[in-house]
Every structure is written in structure tokens, then in C-alpha cells.
Amino acid sequence: MPALALLSALFVVGFEQVVETKYGATGIVGLLLLTLGIKAKSPAVSSVGAVVLALLVTGPAL
């Protein structure tokens with residue numbers, strides 16, 4: 001069980017680092033809103049976070 005928790009924590013930290021290096025502070029804010037919305041079971045907050053991340057990913061293509 002501790003090994004699973006350690007792997008999960010490493011994955012989350014690694015994913016946050018990738019988002020931060022690729023999308024900057026706005027990516028971290030979007031990821032934070034998405035995570036907080038899911039944990040708080042708030043569809044509005046998680047939707048805002050998802051939209052921010054989607055706009056960052058598709059921004060150059062528009």
C-alpha cells in the first residue's frame with residue numbers, strides 16, 4: 001500500500017511539473033481549479049478549470 005501511494009504522489013508531482021513547464025502559471029491555475037472542483041464536488045469550479053486547460057491546449061490552433 002505505501003508503494004502505491006508513493007507512485008501516485010510521484011505521478012502527480014511529475015504531471016504538475018510538465019504542465020508548469022509547458023503552460024506556465026495559467027496551466028497551474030487551471031489544474032488547481034480542476035482538482036479543487038473534483039475534490040469539493042463542485043461542477044462549476046471543475047468546469048472552469050477544464051475550460052482554462054482546454055483553451056491553453058487549443059490556443060495556438062485557433
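I looked up Phe11 first: its relative accessibility is 60%, so Phe11 counts as exposed (exposed is over 50% relative accessible area, buried under 20%, partly exposed in between, with a 1.4 Å probe and protein chains only). Phe15, at 42%, counts as partly exposed.

I note that this is a predicted model, in which local features need pLDDT of at least 70 and side-chain atom pairs count only at pLDDT 80 or more, while totals for chains, interfaces and linings use all residues. Residues are numbered from 1 along each chain as its sequence is written, and side-chain values use heavy atoms, with hydrogens and water left out.

I searched the whole structure for aromatic pairs and found one. Its ring centres, those of Phe11 and Phe15, are 6.4 Å apart and the planes are at 20°, so I log the pair as stacked (rings of Phe, Tyr and Trp, the last by its six-membered ring, pair with centres within 6.5 Å; planes under 30 degrees apart are stacked, over 60 edge-to-face, the rest tilted). I place both residues in helix H1 (residues 2-39), four residues apart, about one turn of the helix (helices are DSSP runs of H or I with at least four residues, strands runs of E with at least two, numbered from the N terminus).

I then went to Leu36, also in helix H1. Leu36 is partly exposed at 47%. Its C-alpha atom is 8.9 Å from that of Gly49, 13 residues apart along the chain.

I ended with Ser46 in helix H2 (residues 43-58). Ser46 is buried at 15%. Neighbours within four places in sequence aside, I find Ser46 in contact (heavy atoms within 4.5 Å) with Leu33, Leu34, Gly37 and Ile38.
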